[in-house]
Each structure stands twice: as structure tokens, then as C-alpha cells.
Amino acid sequence: MRTFSSYGPIDTDLHYYVPRTHLIERALSQLVGESPNKGGHYITVWAPRQCGKTWLMAQVLRRLWNDQQYEGFDVVALSLQHFMMQPRTEPIVQFIARNIVEELGLDEVSVNDLDGFYSVFEKKILNKPLILVLDEFDALPEVAINGIAGVFRNIYNHRQLQAANSAITQPQYLLHGVALIGVHSVLGIEHITGSPFNVQHSLHIPNLTAAEVEEMFHWYEQESGQRIEAAVIERVFHETQGQPGLTSWLGELLTANYNQHHAAITMEDFEYAYAAALEALPNANILNMISKAKQEPYRELILDMFQTNEKIPFRLNEPHTSFLYTHGVIDWEIDENNQRHLKFASPFVQKGLFNYFSFTHFRYVGKLYEPFEELSDTITESDLNVKNLIRRFERHLRINRDWLLKDAPRRSDLRIYEAIYHFALYMFVANFLQRRKGQVFPEFPTGNGKIDLVIKYARQVYGLELKTFADDFGYREALMQAAGYGRQLGLCEVVLVCFIETIDEKNREKYESVFVDIDTDITVVPIFVETLT
């Protein structure tokens with residue numbers, strides 16, 4: 001029986017997988033070319049880590065090596081990951097040239113530098129047209145990436161010029177097709193002027209679709225005889241958005257580590273496994289994303305994306321966006337006006353980053369109340385007054401602001417990022433409820449621009465929607481959104497927390513009026529939190 005695996009390339013004999021036949025065929029057709037006698041394409045194969053680049057290209061190589069229709073080609077595949085710390089280009093091209101010669105049993109070629117690198121691809125050296133696959137190409141230093149890509153570009157251009165000259169019947173070079181596999185830097189070479197590695201021949205490995213995720217889990221059901229509730233599969237796709245590594249990891253946790261029931265894998269199992277994945281279990285994929293997101297200057301964009309008022313346009317040519325996008329931290333969505341905006345790659349990634357930044361900035365939130373302080377206005381054994389809990393947070397923020405926000409990251413205008421206040425509230429509530437066995441969870445239903453907190457206490461559920469107050473129009477819109485959020489949770493009442501720098505008593509009285517949505521009959525309780533007092 002197969003298992004789910006999220007550790008390196010999968011083995012199709014041992015692990016559940018998605019065939020992705022259309023991607024394999026596309027890669028094959030690009031490397032071989034629509035008209036092979038005119039040469040193949042030079043392509044980049046890119047995706048964030050653990051998205052299946054290496055596995056997919058292994059299937060392509062298996063076809064190239066074993067199918068008779070490709071016997072007219074020589075195929076060489078090399079990994080360059082071990083050159084990550086190599087500052088010089090010469091040892092890298094020597095390694096590539098030496099391995100081509102050895103694998104194909106060719107006469108020895110002397111390659112000392114980039115100028116000599118051309119010679120290994122000449123017709124007088126190669127016996128057949130060569131398809132070259134270089135994995136982990138982005139592990140190389142930038143100077144090597146540009147130098148090697150430059151050689152390929154010049155060979156490609158030379159091939160095109162010779163093809164246009166009817167007097168030339170024999171090409172000088174037999175480098176037929178090239179695939180450069182990587183995450184980030186590979187994509188960058190597509191923008192070099194005249195590069196054959198252009199976007200038309202860039203093979204992006206997308207996430208799994210909902211149908212493909214369902215297919216894998218149904219395969220498990222057939223082999224194991226254990227049923228999986230449909231809601232579990234839907235939730236796995238929602239939380240991961242089909243990212244292959246994360247999908248397989250949750251599949252592994254559900255079927256092996258946290259498989260608590262024999263008859264079926266239930267939503268109870270999912271919640272238990274998901275909480276462990278978020279809070280207790282290390283995952284190289286998420287750790288890698290956090291390491292990218294916390295770096296300057298990329299952290300600024302991440303903190304901006306947690307804002308609740310304005311969406312940020314997606315522009316791939318913007319360096320910070322490009323870096324985080326190609327490392328799988330962020331993605332894009334299209335609005336009703338056909339405009340692309342940034343969003344986090346998945347709810348799982350967004351929650352992981354929210355938890356990381358919350359704990360990093362507010363590991364210690366200070367004393368929440370005095371030892372003999374009366375708390376019954378806020379919490380009892382059977383009830384939680386969320387409004388008074390938020391009032392306590394506002395008072396706590398006002399009293400401790402100087403040290404609590406001393407090292408908080410600020411924008412260029414020296415204002416603290418909006419997200420910092422969300423992190424602070426989350427950690428305050430988490431600490432307040434911890435001793436009373438209550439819980440608080442962040443939720444991000446749209447990937448960006450909307451942050452909710454779900455509180456569970458004494459077998460009751462409370463919903464909070466967080467917003468920054470900008471104007472009356474946005475406030476009215478937020479009331480409607482909060483009512484919709486309450487309906488989604490099946491609640492009769494939901495709290496809308498509005499952060500604002502300052503508010504006078506007159507406006508507080510006006511805007512903190514309870515709102516009842518006439519369509520849903522859901523009550524929204526607005527509460528304002530001053531941040532600069």
C-alpha cells in the first residue's frame with residue numbers, strides 16, 4: 001500500500017501522486033520542438049520548493065531515455081546544488097562539460113572557462129543532438145547563472161542564424177534543447193535581452209487542482225478501505241490551495257500520524273492534525289517561507305499584506321513581489337475589475353506567518369491584570385464578554401505602549417504597521433484565555449485584506465473581525481462584511497474591532513452603536529481601539 005510523502009521527489013511505486021500527464025507532454029514537446037529538425041526550445045522549469053519540479057522532470061527524462069521515438073537524441077541531466085557556495089564560474093562549466101563527455105562516452109574535451117564551454121556542444125564533439133537538463137540551476141551564484149545562460153543564448157542565436165542561411169547545411173552546435181530547473185534566479189534570466197529562455201517557453205509547475213487533491217485521497221480510500229469525510233478533503237485543499245508538498249504533508253499526518261478512527265478520517269481528526277501542523281511540527285517548506293518572509297526588505301511587503309483597508313497590486317517585475325512569489329510565499333488574485341492583487345499563497349502559509357510574527361513581536365505582553373483584580377465583568381466560568389475583553393486590551397495597550405511597541409517595525413512615515421496591532425491583540429487574547437482553557441484562532445477567508453479571530457471558550461464560539469477605520473464608507477462596508485462573517489460561523493452576534501489612532505467620545509458613541517443586518521438578522525457590535533493614546 002502506498003503512503004503520502006512530502007520529503008523530496010516521490011516514488012510512484014511507493015507514494016500517492018498525481019500523474020500530471022499534460023505537464024510532462026508539454027515539457028517534452030518544448031524540449032524536442034514542434035519541428036525537431038529545426039531544433040528544440042531552451043526552457044526554464046520553475047516553481048517554489050516542494051512543488052514537484054524534480055519529479056516532473058524525472059518523468060520527462062524517463063520518456064526521453066526509454067521511448068524509441070526519442071532515440072535520435074542524447075540526453076544528459078545534472079544537478080548543480082553542490083555548487084551553491086562556489087564563487088567561480090570555471091569549476092562549474094568544467095563539471096558540466098566533463099559529465100557530458102563521460103556520460104556519452106565522447107572524446108575528452110578541454111574546458112577551462114566560459115569561452116571553452118562552447119566547444120563541448122559542437123558537432124565535431126557530439127554524435128547526436130543533445131538535450132541538457134540542469135537541476136537546481138538557481139543554486140549557482142548570479143555570475144555563473146548569467147555566464148552559462150549567456151553561452152546558451154549565443155548558441156541558440158547562432159543556430160537561428162544558420163537556419164536562415166540556406167547555404168549552410170550542417171549546424172556548428174548540436175545543443176538541441178535545454179531545461180534549467182529552479183525557483184527564483186532561473187526566472188530572472190528570461191528578461192535578459194535576446195534570451196531564448198523567454199516567458200513563452202517557461203514551464204511553471206502549478207499547484208494541484210481541487211480535483212487532483214480529491215483524486216489522491218480517493219486513491220488512499222480504495223487501497224486502505226478507510227473512508228475520508230468529504231469535508232476533510234475540501235478543507236485540505238482550502239488550507240493548502242493544492243501546494244503539492246503541503247498537501248502531501250497533511251495527507252501523511254491524517255493517514256499515518258493522527259489517524260484516530262478506524263472507520264473514517266473525520267473533521268475531528270483534521271482539526272487535531274492541522275493544529276499540530278501549525279503549532280508543533282516542523283516543516284521544511286513552511287520554515288523556508290518564513291525565512292524568506294522575515295528578511296529585509298521583504299518583511300515590509302508581508303506586513304503590508306496584513307493590512308485590512310487596501311489591496312496591493314500584483315506586479316511581477318517589482319523585485320520584492322517577484323522574490324516572494326517565486327518562493328511560494330505569495331500569489332495573486334483577480335478582482336471584479338480584472339485587476340490582479342497580492343494575496344498569501346494559502347491560508348496555511350498566512351496562518352504560519354501570522355503566528356510567527358505575533359510570537360516574535362509579542363512573546364511577552366506583560367501583566368494582564370492584578371492578582372486580586374475582579375474579572376467577572378469580562379469572564380466567568382460559563383461566559384465571555386468580548387466587548388469588555390477588547391476594552392481591557394485597549395487599556396493595556398495605552399498603559400504599556402512605550403515598552404510594548406518600542407521595537408515595532410514602522411513605515412517610512414514612522415507609523416507602526418497596522419498588522420502589529422493585530423498581532424498584539426491576538427497574543428493578548430491568547431494569554432488572557434490560556435489559564436482558563438480558552439482558545440483563539442486567526443482566520444483569513446480571502447487571503448488578504450480580511451482578518452478574523454475565532455474564540456472558543458466554555459463550549460461557546462465568538463467571532464471578531466478586525467479592521468482599521470479609514471472613513472465612514474469603509475466602516476459601513478465592514479459592518480456588512482462582519483454580518484456575513486457571523487452568518488458563516490452560524491452566530492447571532494459578531495464583534496467588529498476597529499483600530500484608529502485617536503477617537504473622541506462623540507464619535508465613539510456614534511460609531512459604536514450596535515448594528516443589526518436586516519438581511520441576516522445578525523447583530524454586529526462595533527468596538528474602537530485607540531492606538532496612539
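Student: Is Arg459 buried or exposed?

Tutor: Arg459 is exposed, with a relative accessible area of 91%. Buried means under 20% relative accessible area, exposed means over 50%, and partly exposed lies in between, with a 1.4 Å probe and protein chains only. Please note that this is a predicted model, in which local features need pLDDT of at least 70, side-chain atom pairs count only at pLDDT 80 or more, and totals for chains, interfaces and linings use all residues. Residues are numbered from 1 along each chain as its sequence is written, and side-chain values use heavy atoms, with hydrogens and water left out.

Student: What is particular about the phi of Arg459?

Tutor: Phi of Arg459 is positive, about 65°, although the residue is not a glycine. Arg459 lies in the loop between strand S11 and strand S12 (460–468). Asn338 likewise is a residue other than glycine with a positive phi, near 65°. The loop between strand S8 (330–334) and strand S9 (340–344) holds Asn338, which counts as exposed at 57% relative accessibility.

Student: How many helices and strands are there in the chain?

Tutor: Helices (H or I, at least four residues) and strands (E, at least two) are DSSP runs, numbered from the N terminus. The chain has 18 helices and 15 strands. Its C-alpha trace spans about 90 × 60 × 45 Å along the principal axes.

Student: What share of the residues is buried?

Tutor: Of the 533 residues in the chain, 55% are buried. The accessible surface comes to about 25500 Å², and 49% of it belongs to carbon and sulfur atoms. Such areas come from the Shrake-Rupley method with a 1.4 Å probe, and for residues only the protein chains shown count as cover.

Student: Which residues does a buried side chain such as Leu303 touch?

Tutor: Contact means heavy atoms within 4.5 Å. Leu303, in helix H12, counts as buried at 1% relative accessibility. Leaving aside neighbours within four places in sequence, Leu303 is in contact with Pro409, Tyr417, Ala419 and Phe423. Leu303 and Phe354 are 51 residues apart in sequence, and their C-alpha atoms are 9.4 Å apart in space.

Student: Where is Tyr462, and which residues does Tyr462 touch?

Tutor: Tyr462 is in strand S12 and counts as buried at 12% relative accessibility. Not counting residues up to four places away in sequence, the residues that Tyr462 touches include Asp383, Leu384, Val386 and Leu491. Across the chain, among contacts between residues at least 6 apart in sequence, 69% join residues at least 24 apart.

Student: What does Ala263 contact, and is Ala263 buried or exposed?

Tutor: Ala263 counts as exposed at 62% relative accessibility. Its place is the loop between helix H9 (244–257) and strand S7 (264–265). Apart from neighbours within four places in sequence, Ala263 is in contact with Gln226 and Arg227. The C-alpha atoms of Ala263 and Ile500, 237 residues apart along the chain, are separated by 51 Å.

Student: How is a pocket found, and what is the volume of the largest pocket?

Tutor: Rolling a probe the size of a water molecule over the atoms shows where empty space is left. On a 1 Å grid over the protein atoms alone, a pocket is an open set of points where a 1.4 Å probe fits, with protein on both sides within 12 Å along at least five of seven lines; lining residues have an atom within 4 Å of a point. Grid points are joined across faces, edges and corners, and a volume is the space filled by probe spheres set on the points. The largest pocket here has a volume of about 1400 Å³.

Student: Which residues lie nearest the centre of the largest pocket?

Tutor: Leu278, Glu279, Tyr426, Phe441 and Pro442 lie nearest its centre, out of 45 lining residues. The elements that each supply at least two lining residues include helix H10 (267–279), helix H16 (418–434) and strand S10 (439–443). The largest share of the lining, seven residues, comes from H10.

Student: Which peptide bond is cis, with omega near 5°?

Tutor: The bond from Glu296 to Pro297 is cis. Pro297 lies in the loop between H11 and helix H12 (298–305).
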